[in-house]
Amino acid sequence: MHQLPPGIMPANQVIYHFTHAAFTLSEFILLLFLLRPPAKPKWMRDLFHIFSIAFLSVIITVYAIMGATASGSTVMVLQNLILLAVAIAAVIQLLKSYEVFIFQLPLFWIIVGAIAFSCMELLLAMIPSNGNGQPQREMAIMQSLVIVIRSIFFIIAASTKIKNPAVKHTTRFKELRY
């Protein structure tokens, strides 16, 4: 969970912020490489790998120098922007295949969940914080709802399976990955 209400915040907040940053970064890495561009053309995949590794090394360096609490919001906004761009590129690639059975692909639902999550997180990041306790509590509730919505899309992706063998062949699902 991105933010815990103050009543259930752990006593050692430094460890909480560190683990939150570590798990958020690992979730970002997994989603980033799940939505990576297809193998053709190879230069595009290589360029994606170079930029993603460079960005991840910058994030790890920022966390090591400034700490997870000092730079958390800026890094989260950058992560959501990159995830949104990669998800939009992946849905465009998926739509270029001219498939009628796009709703039967688990990748489609993962992409929709990533786009919804990134957009809502970016909208929540634009809301100014004035330091009062009440807006922070409402922000924590909204972030929890955003996570629930994304989880619903991921559950739909996990429960979706390609039912018809002809659909597997027409979607060229293996060609969308390596």
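# Aromatic rings in a predicted model

Me: Is F48 buried or exposed?
Reply: This is a predicted model in which local features need pLDDT of at least 70 and side-chain atom pairs count only at pLDDT 80 or more, while totals for chains, interfaces and linings use all residues. Residues are numbered from 1 along each chain as its sequence is written, and side-chain values use heavy atoms, with hydrogens and water left out. Buried means under 20% relative accessible area, exposed over 50% and partly exposed in between, with a 1.4 Å probe and protein chains only. Because its relative accessibility is 13%, F48 counts as buried.

Me: How many aromatic pairs does a search of the whole structure find?
Reply: Rings of Phe, Tyr and Trp (its six-membered ring) pair if their centres lie within 6.5 Å; planes under 30 degrees apart count as stacked, over 60 as edge-to-face and the rest as tilted. The number of aromatic pairs found in the whole structure is 4.

Me: What kind of pair do F33 and F48 form?
Reply: The ring centres of F33 and F48 are 6.0 Å apart. Their planes stand at 75°, so the pair is edge-to-face.

Me: Over the face of which residue does R150 lie?
Reply: A charge sits over a ring if NZ of Lys or CZ of Arg is within 6 Å of the ring centre and within 35 degrees of the ring normal. At 4.1 Å from the ring centre, R150 lies over the face of F117.
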